[in-house]
Amino acid sequence: MEVKEASGKLGILVVGVGGAVSSTFITGTLAVRKGLSTPIGSLTQLATIRLGKRNENRFPKIKDVVPLADLNDLVFGGWDIFSENIYEAAVHAEVLKKEDIECVKDELVAIKPMQAVFDQDFVKRLHGTHVKTGKNRWELMEQVREDIRNFKQTHACDRVVVMWAASTEVYIPLSDEHKSLAAFEKAMKEDNKAVISPSMCYAYAAIAEGCSYIMGAPNLCVDTPALCEFALKMNVPIAGKDYKTGQTMLKTVLAPMLKTRMLGLEGWFSTNILGNRDGEVLDDPGSFKTKEVSKLSVIDTILQPDVYPELYGNVYHKVRINYYPPRKDNKEGWDNIDLIGWMGYPMQLKVDFLCRDSILAAPLCLDLVLLADLSQRCGFSGIQDWLSFYFKSPMHAEDRVPEHDLFIQHTILKNTLRKIIGEETIDYLD
Ligand SMILES: NC(=O)c1ccc[n+]([C@@H]2O[C@H](COP(=O)([O-])OP(=O)(O)OC[C@H]3O[C@@H](n4cnc5c(N)ncnc54)[C@H](O)[C@@H]3O)[C@@H](O)[C@H]2O)c1
């Protein structure tokens with residue numbers, strides 16, 4: 001496969017750049033490239049990849065054999081509804097210790113959010129002050145395109161990746177306006193605010209500028225036929241949606257375990273307490289609904305109740321998220337799993353994950369921007385389902401079934417990297 005060289009600067013434009021995930025991702029990446037921190041959680045930076053047969057003993061680091069952009073070539077920017085710079089945002093987010101932020105203070109201060117496309121009907125709990133004005137959605141999208149072009153020029157970027165790490169927008173169903181590019185563009189020009197969300201304006205603008213687009217939240221956006229059509233037309237990779245970080249990561253490891261052992265399941269109750277701004281936004285029923293749909297989709301696809309009705313035909317699956325300010329970004333996720341063993345005997349499994357939301361999400365952001373850029377240099381376009389490893393609700397072509405099992409996703413990811421570098425894919429039979 002011919003892969004264009006990763007020469008020159010790679011612009012990373014993050015929507016919601018002043019948020020907890022974004023500021024943690026950027027601060028950590030800057031610290032890593034100064035040699036002050038270790039990129040724990042990042043496959044592209046730490047993982048090895050087996051090449052050839054097992055007995056060949058070749059396990060180089062991914063970053064040593066896959067032509068990824070160098071961290072020193074990354075330039076950060078983005079949009080937010082608040083104007084504070086990313087140093088202030090990182091302090092405000094209270095995820096990282098002051099000393100971990102201070103060491104890259106100068107670089108963080110220099111990153112100032114551009115004005116956002118925002119509509120409070122889509123994120124009820126936030127009141128944006130740093131927002132664009134325009135006649136209609138189309139005009140706002142044009143302003144984002146201009147931002148991208150200006151950023152590219154000012155920072156002399158060779159390529160740009162755009163990533164949504166902004167708040168989860170309220171749930172909206174797929175409507176006719178999302179089903180074709182022509183209908184979508186018409187709705188933007190007619191300012192149909194009910195169906196064209198701010199996230200869609202950024203996605204359209206990114207694709208129009210030839211930039212890959214990553215969707216880190218669960219709301220409807222690039223996973224619409226219209227934007228998929230546009231991405232293919234423009235030869236742009238798109239990937240999403242909803243970073244798979246804590247509870248769902250565990251779910252996509254534990255559910256395959258039950259199925260592999262042919263253990264039954266009666267119920268799975270998942271609850272979370274979370275006190276950051278994301279938790280506050282998700283306290284709104286509209287935004288929660290979007291998240292709930294994303295979190296619920298996982299189990300059924302893995303367990304295949306239609307194939308195994310005696311094991312999974314009647315599973316009660318419930319997900320709750322409770323806003324609880326004292327915990328800030330340190331989310332606690334509990335899972336109670338009621339499983340069934342030999343002759344129908346019930347058992348219980350309890351998981352209590354005291355995690356840190358943004359600490360789990362940041363390395364995913366780093367991997368995703370590097371792999372999206374790689375995809376584009378490989379000439380890939382449209383939905384990148386080989387990046388499903390990173391998402392709760394992996395986007396997939398209409399005629400394909402999404403893959404949720406974390407380890408199968410991992411194999412798909414690594415085999416795609418092997419193909420990219422002209423190595424044999426691995427089936428583990430050797
Ligand atoms: N942290 C995780 O583990 C995780 C996992 C999956 C998904 N996510 C999603 O990632 C997103 C970010 O999470 P977070 O904890 O950083 O939240 P956050 O509230 O700290 O950050 C979101 C940022 O987006 C900004 N914003 C909102 N609407 C915007 C718009 N239209 N344009 C530009 N900026 C806008 C907000 O001002 C805020 O700074 C959320 O949607 C969350 O659901 C997070």
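From which domains does the shell around the ligand draw at least three residues each? Keep that in mind as you go. The model is predicted.

**Whole protein**

Start with a cartoon view. The protein holds 16 helices and 11 strands. Its radius of gyration is 21 Å, close to the 22 Å given by the globule rule for 430 residues, so the protein is as compact as a globular protein of that length. Orient it along its principal axes. The C-alpha trace spans about 65 × 55 × 50 Å.

Colour by burial next. Of the 430 residues, 49% count as buried. Residues 24 or more positions apart account for 77% of them.

**The ligand shell**

Select the ligand and what surrounds it. The shell has 35 residues.

Now colour the shell by class. It contains 19 nonpolar, 11 polar and 5 charged residues.

**Elements that supply the shell**

- α1, residues 20-33
- β2, residues 74-80
- α12, residues 277-282
- α15, residues 357-378

Each supplies at least two residues of the shell. Stop at α15. The largest share comes from this helix, with 4 residues.

**Back to the domains**

Colour 9-243 and 359-420 together as domain 1.

Conventions. Residues are numbered from 1 along each chain as its sequence is written. This is a predicted model: local features need pLDDT of at least 70, side-chain atom pairs count only at pLDDT 80 or more; totals for chains, interfaces and linings use all residues. The radius of gyration is taken over C-alpha atoms; the globule rule is 2.2 Å times the number of residues to the power 0.38. A residue is buried if 20 or more other C-beta atoms lie within 10 Å of its own, exposed if 12 or fewer, and partly exposed in between; C-beta atoms are placed from the backbone. Two residues are in contact if their C-beta atoms, placed from the backbone, lie within 7 Å. A residue is near a molecule or strand if its C-beta atom, placed from the backbone, lies within 6 Å of it. Ala, Val, Leu, Ile, Met, Phe, Trp, Tyr, Cys and Pro count as nonpolar, Asp, Glu, Lys and Arg as charged, and the others, Gly among them, as polar. Domain bounds come from an automatic or database domain assignment.
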